[in-house]
Amino acid sequence: MSRTALRICPLCEATCGLTLTLADGAVTGARGDREDVFSRGFICPKGAAFGALDSDPDRLRGPLVRRAGRLREATWEEAFDAIAAAVPALVREYGAQSVGVVLGNPNVHTMAGALYPPLLLKALGTRNLFTASTLDQMPKHVSSGLLFGDPFAIPVPDLDRTDFLLLLGANPVESNGSLCTAPDFPGRLKALRARGGTLVVVDPRRTRTAALADRHLAPRPGSDALLLAAVAHTLIEEKLAAPGALEEFSEGIGELGSALGSFTPEAVSPACDLTAAEIRTLARELAAAPTAAVYGRIGSCTVEFGTLASWLVDVLNILTGNLDRPGGALFPLSATAPAGRPAGAGKGFALGRWSSRVGGHPEAKGELPMASLAEEIETPGEGRIRALLAIAANPVLSAPDGDRLDRALAGLDFMVSVDPYLNETSRHAHVVLPPPPPSRSAHFDFAFNGFAVRNQARYSPAAVPLESERMDECEIHARLILAVSGLHGAPPEAVDERVIADTLARAVTDPHSPLHGGDPQELARLLTGTSGPERRLDLMLRTGPYDLTLDDLRQAPHGIDLGPLRPRLPGVLKTRSGRIELLPDPIAAELPRLRAALAERPAALVLVGRRHLRSNNSWLHNVPALTGGSNRCTLHVHPHDAERLGLVDGGRARITAEGGSLEVPVEVTDAVRSGVVSLPHGWGHDRAGSRLSVAAAVPGANVNQLLDGTRMDRLSGTAVLNGFPVELAPLP
């Protein structure tokens with residue numbers, strides 16, 4: 001007998017509601033939930049393949065422990081015993097900095113990944129944190145931190161009400177959006193045009209998003225900051241800037257003109273390979289639109305000046321008066337965000353509070369560059385990373401120079417992976433702790449609700465009961481924390497109860513908390529939920545801005561609509577001045593390097609990545625339903641470049657950069673501009689010892705092997721994954 005259950009899709013940032021069909025304890029189908037308050041029935045191929053992912057036979061069902069050099073099946077007790085014996089001993093002998101933690105992208109798609117890693121880092125006392133952020137969006141965190149005092153205060157475009165949308169380095173029709181949680185992004189873009197709005201896409205590739213646009217500009221990759229600086233210059237020079245009420249909350253507007261004085265459209269034009277007229281037209285249209293929003297994503301982040309580009313996105317939103325107003329770019333308010341505080345000065349945001357041991361790379365948001373992980377493991381001396389805890393992470397494929405990192409991981413004294421697969425990274429672990437399939441886990445989007453284009457709250461209980469041999473993902477994390485902190489054997493619920501007690505103790509003494517003045521023990525008794533994570537969620541809802549409880553969400557299985565985004569300034573500001581700091585010192589200090597780029601001679605051929613609708617980084621290539629078709633690891637080459645280099649469609653080529661060479665199949669297409677080639681990210685499933693049978697059958701090539709890890713955005717430590725020079729040669 002079949003039944004249905006609701007589940008929020010955890011496979012990309014769109015967070016669509018699904019209706020699962022279940023039979024005999026398995027997911028047999030998935031369709032869009034038409035009553036979901038946010039996604040309204042939208043579904044993409046990833047969501048439709050939920051059941052295939054959930055039942056993937058390559059998923060590990062129980063822990064693995066390395067014995068006599070080989071990973072062998074073990075009990076959960078044996079796995080945590082091994083961790084408790086190894087990690088605390090290494091910390092006692094070599095210190096807390098001998099341990100590193102790597103957090104991968106899937107962490108933000110699970111409740112466990114949101115609730116427990118901060119506790120793990122606190123228990124370990126290490127500063128060696130490396131995450132997927134420095135391979136993706138860290139420039140936006142840094143620019144937001146410098147502008148607004150909070151690296152998580154990231155304004156998102158008001159897609160459903162804007163009149164003019166400028167997208168840079170973003171392909172949401174295929175990626176479903178990023179740092180902008182919006183189910184049915186394609187439908188929202190079509191609705192924008194249907195109501196008479198304008199969509200302009202800036203991308204060196206003619207993507208499916210660009211195909212929807214009123215105008216597509218194809219600049220030279222890596223020139224986003226120069227282009228945006230020229231647009232800002234034009235707004236100021238032609239007296240088109242109109243920040244309006246934002247002037248009351250801002251400082252530094254007057255200094256922007258001189259700071260950006262060198263970036264005239266005429267000066268920038270050769271570097272961008274766009275005409276000065278095109279740049280001026282873009283500025284004038286942006287200024288003339290009744291409402292407008294500028295939005296930049298991974299293509300503008302993972303470049304040499306990614307932080308400057310991210311900063312300039314919001315500078316344009318501010319100069320045109322479109323920040324924090326309907327139809328512009330607004331700050332979402334999640335149901336689990338802390339209750340509002342009075343506007344005023346905050347602690348601000350600082351960069352470089354410490355640096356990495358070997359390369360001296362400054363931290364950003366408490367993280368070190370993922371590209372520096374290998375050297376921190378390999379290089380002898382005090383503070384060398386000897387133990388690594390990798391949680392939902394596969395940096396051998398996602399970080400630059402995976403071959404070097406592969407060798408470094410093999411030399412660790414001890415490694416733990418929390419991962420459902422034995423993949424290119426987890427195959428090096430001494431202990432692998434596999435979480436259960438997503439149907440067997442409860443779900444709430446702590447991270448993505450903070451970037452949603454409409455305020456809402458939705459909760460999904462586990463759709464399928466947990467099997468006896470599996471362990472809940474939250475319990476895995478809790479037991480891991482206990483094992484590394486010398487509390488091995490304590491009940492895992494003690495971790496959550498400690499958090500609840502500490503949170504309530506602070507809340508009842510905080511005059512701005514809705515729980516101020518209450519009795520902590522009585523408040524704890526009021527919390528509902530059958531598990532520690534549910535009780536923590538209930539507490540966060542009760543201390544949040546909407547006076548919600550977990551019971552409220554349980555009684556609304558399709559979600560609770562909390563309304564459109566609303567203006568929130570100056571309340572979101574946490575800068576030391578209590579104002580938007582438009583020209584912070586780190587940004588001003590980086591502008592001379594951007595000016596120098598105007599005189600640089602562009603490389604003849606550069607590479608950019610690309611996304612696939614039926615993929616998500618390296619972790620969906622093992623699902624048969626999502627393979628084939630356009631989801632292929634081919635090198636896109638423009639016909640002019642193919643003819644010049646002697647390449648043919650369907651042939652093979654050797655592509656070379658500072659990190660090495662790859663042999664790749666060639667796909668000749670005018671979807672990429674001349675002088676640019678494109679290879680997708682997340683492939684390279686050909687390493688011995690992994691257990692990804694479907695992915696290994698068509699392994700593809702790891703584009704990040706072309707990089708040696710030395711190219712970074714200076715301010716954020718983000719790896720340059722786009723716009724770097726390459727050479728091409730045909731193969732027989």
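Tutor: Contact here means heavy atoms within 4.5 Å. Helices (H or I, at least four residues) and strands (E, at least two) are DSSP runs, numbered from the N terminus. You are looking at a predicted model, in which local features need pLDDT of at least 70 and side-chain atom pairs count only at pLDDT 80 or more, while totals for chains, interfaces and linings use all residues. Residues are numbered from 1 along each chain as its sequence is written, and side-chain values use heavy atoms, leaving out hydrogens and water.

Let's begin with a pair of helices. Two packed helices are described by the angle between their axes and the distance between the axes. Axes are lines fitted to C-alpha atoms, for helices over the stretch in contact, and angles run from 0 to 180 degrees between N-to-C directions. Helix α20 (residues 493-507) packs against helix α22 (residues 532-542) at about 15°, and their axes are 9 Å apart. This makes α20 roughly parallel to α22 (under 35 degrees is roughly parallel, over 145 roughly antiparallel, 65 to 115 roughly perpendicular, and the rest oblique). The crossing of α20 over α22 is left-handed; that is, the near helix is turned anticlockwise from the far one by less than a right angle, whereas clockwise would be right-handed. On the α20 side you can find Asp496, Glu497, Val499, Ile500, Thr503 and Leu504, which meet Gly532, Pro533, Arg535, Arg536 and Leu539 of α22. Sorted by class, the residues of this contact are five nonpolar, two polar and four charged. In this sorting Ala, Val, Leu, Ile, Met, Phe, Trp, Tyr, Cys and Pro count as nonpolar, Asp, Glu, Lys and Arg as charged, and the others, Gly among them, as polar.

Now turn to another pair. Helix α10 (residues 224-237) and helix α13 (residues 276-288) cross at roughly 60°, their axes coming within 9 Å. This makes α10 oblique to α13, and the crossing is right-handed. From α10 come Leu227, Ala230, Val231, Thr234, Leu235 and Glu237, and from α13 come Ile279, Arg280, Leu282, Ala283, Leu286 and Ala287. The contact of α10 with α13 holds nine nonpolar residues, one polar and two charged.

Two strands pair if DSSP finds at least two bridges between them. Four strands make an open sheet with parallel pairing, in the order β11-β10-β9-β13. Its edges are β11 (215-217) and β13 (293-296), each pairing on one side only. On average, neighbouring strands of this sheet are turned by 15° against each other, direction ignored. In the sheet, β9 (residues 164-168) pairs with β10 (residues 198-202) in the parallel sense over five bridges, and Phe164 stands opposite Thr198 in β10. Helix α8 (residues 185-194) lies across β9 and β10, running at about 130° to β10. Here α13 returns: this helix packs on the sheet, touching β9, β10, β11 and β13, and its direction makes about 135° with that of β11.

To finish, here is a backbone detail to find elsewhere. The peptide bond from Leu569 to Pro570 is cis, with omega near 5°, and Pro570 sits in the loop between β19 (560-564) and β20 (580-581).
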